[in-house]
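User: Could you walk me through reading a model like this one? I'd like the general idea for each feature, then the case at hand.

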Amino acid sequence: MLDEVDLRILEMLRRNSRASYSSMSKDVGISEAAVRKRVSRLIEAGVIERFTVEVDMGFKAITFVSVESAYPCLEISRKILTIDGVEKVYEVSGEYDLAVIVSTTSYRDANRIIESIRALKGVSRTYTVSYTHLTLPTN
């Protein structure tokens with residue numbers, strides 16, 4: 001069960017995965033050692049899955065993918081993740097089965113990625129929108 005301190009630590013790490021234990025301890029009002037223990041516990045419990053860097057390569061898009069019912073979404077997701085330029089794949093509810101985050105340097109390269117997704121056996125259709133602006137929370 002996550003308490004208020006855990007939630008505050010997670011929010012700090014979500015905003016900056018390189019936040020120091022020292023700065024987090026000052027912000028939440030507990031010792032640095034206590035922050036370290038909490039972060040370790042959150043990692044062991046699977047709440048924190050990984051620490052990562054978000055990169056802006058110049059062009060980002062979301063491609064929604066419909067998967068034919070004879071093909072498992074997990075199988076298609078794993079194939080899509082092998083395509084260079086695919087950042088993440090989410091299973092979603094609604095009209096489409098998957099949402100694919102594409103990150104690349106150009107619209108032309110994004111088209112190559114999308115065509116690679118469309119060529120996969122089991123993909124029935126796609127719909128792509130490009131990011132025009134991303135607003136992130138301020139620290």
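Analyst: Among the chain's elements, helix α4 (residues 73–81) has the highest mean pLDDT (97) and helix α1 (residues 4–15) the lowest (91). pLDDT is the predictor's confidence in each residue, from 0 to 100, while helices (H or I, at least four residues) and strands (E, at least two) are DSSP runs, numbered from the N terminus. This is a predicted model, where local features need pLDDT of at least 70 and side-chain atom pairs count only at pLDDT 80 or more, though totals for chains, interfaces and linings use all residues. Residues are numbered from 1 along each chain as its sequence is written, and side-chain values use heavy atoms, with hydrogens and water left out.

User: What is the mean pLDDT of the chain?

Analyst: The chain averages 92, with 99% of its residues at 70 or more.

User: How do I read a nonpolar core, and which residues have the most contacts inside the largest one?

Analyst: A core is a set of buried (under 20% relative accessible area, 1.4 Å probe, protein chains only) Ala, Val, Leu, Ile, Met, Phe, Trp, Tyr and Cys residues joined through side-chain atoms within 4.5 Å. Here the largest has 18 residues, with Val65, Ile80, Val86, Leu98, Val100 and Ile117 making the most contacts inside it. β1 (59–67) gives the largest share, four residues. A second, separate core has 12 residues, including Ile9 and Leu42.

User: And where is Leu7 found?

Analyst: Leu7 sits in helix α1.

How values were computed: Buried means under 20% relative accessible area, exposed over 50%, partly exposed in between (1.4 Å probe, protein chains only).
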